[in-house]
Amino acid sequence: AKDSGRGNRQFYATSMEASALDVLHQERLLRDAIAHNDFVLHYQPQIGLADGTLQGLEALVRWRHPERGLVGPDEFITFSESRGLITPIGRWVMREACRQLKAWQDQGLARVPVAVNLSALEFRQRDVAAEIAAVLQETGLAPQYLEIELTESVLMHQTGQTLNTLHAVKALGVGISIDDFGTGYSSLAYLKRYPIDKLKIDRSFVTDIPDKADDVAIVTAIIQMARSLQLKTVAEGVETQGQIELLTELGCDVIQGFVVAVPMDAQATGSWLQR
Ligand code: C2E
Ligand code: CA
Ligand code: CA
Ligand code: CA
């Protein structure tokens with residue numbers, strides 16, 4: 001693409017216009033979706049390795065896109081953030097997850113927490129603790145049945161505000177997990193400084209165990225460190241029996257992944273819970 005003749009400039013100008021139009025189009029669709037709550041939550045079970053019992057459900061958002069069907073979060077969360085539209089989506093997710101879990105509990109299902117993902121930007125932009133308190137009040141869900149999942153990037157902004165918010169969330173009785181653990185720049189000191197309950201070992205470290213020695217070493221080290229800091233461990237993206245065997249041997253507490261169940265819509269989750 002070194003050839004920058006007239007034809008090429010023309011091409012670039014046109015394609016940039018097209019993509020700007022597309023951005024506007026997608027933004028308009030997203031605004032419509034927010035106005036009409038055109039999102040759904042899927043739920044993925046988390047299972048205790050010691051006894052195979054249900055330990056939690058992670059809520060994962062999807063956009064019911066009018067042209068493209070169900071669209072996953074990797075395709076619209078970052079875009080939503082860049083258009084300043086993440087806050088209403090995140091608020092809907094939190095409220096809907098709590099409402100649904102309370103509904104299941106009222107049916108005698110799911111006496112386990114629901115975990116909700118919050119991006120670093122959401123965590124900074126929203127008054128997370130106040131919002132959670134209001135949603136728990138509104139839905140009647142007891143605080144021990146809600147967890148938030150934060151990435152390491154939240155903790156790297158070592159501001160007093162981060163610490164205050166985490167303590168306020170903790171004081172409500174809501175659990176705090178570190179998502180995708182091991183992928184960020186970890187200053188391990190923050191694991192002591194912040195009131196964290198769980199580490200979720202990123203899927204990238206789980207995928208190639210037990211075959212890849214490096215990954216076995218990393219997963220082993222994370223589990224040992226977590227245990228000595230009295231943090232629970234959740235292995236993400238568990239797909240095979242071989243992974244389960246090693247994780248059990250290493251003393252991992254909880255697994256989540258396709259080997260247990262894929263994320264399911266609310267109806268399928270309800271059936272799964274009654275299985
Ligand atoms: P995550 O929090 O790490 O969620 C786990 C992702 O891994 C999910 O993708 C899930 O479907 C997928 N997964 C689960 N088990 C397996 C497995 O065994 N193998 C493989 N290959 N994949 C597995 P999903 O639903 O597409 O979500 C992607 C990411 O989007 C999430 O990663 C999370 O960071 C973000 N996300 C999801 N929901 C929300 C939300 O409500 N708010 C925000 N801010 N982010 C969200
Ligand atoms: Ca997560
Ligand atoms: Ca994760
Ligand atoms: Ca992830």
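Strand 2 gives the most to the shell around ligand 1, four residues in total; strands here are DSSP runs of E with at least two residues, numbered from the N terminus. This is a predicted model, where local features need pLDDT of at least 70 and side-chain atom pairs count only at pLDDT 80 or more, while totals for chains, interfaces and linings use all residues. Residues are numbered from 1 along each chain as its sequence is written, chains are lettered from A and ligands numbered from 1 in the order in which they are written, and side-chain values use heavy atoms, with hydrogens and water left out.

So what surrounds ligand 1? The shell holds 22 residues, and Q44, R62, E122, E239 and F258 are the closest; a residue is near if one of its heavy atoms lies within 4 Å. By type, eight are nonpolar, five polar and nine charged, with Asp, Glu, Lys and Arg counted as charged, Ala, Val, Leu, Ile, Met, Phe, Trp, Tyr, Cys and Pro as nonpolar, and the others, Gly among them, as polar.

Now for some polar contacts, meaning N or O pairs within 3.5 Å. The side chain of E58 puts an N or O atom 3.2 Å from a ligand 1 oxygen, and D180 does likewise with its side chain, at 3.2 Å from an oxygen atom of ligand 1. V61 uses its backbone instead: an N or O atom there lies 3.2 Å from a ligand 1 nitrogen.

Strand 2 and strand 4 (residues 114-117) run parallel, joined by three bridges; pairing takes at least two DSSP bridges.

Technical notes:
Polar contact = N/O pair within 3.5 Å; in protein donor to acceptor, adjacent residues only side chain to side chain.
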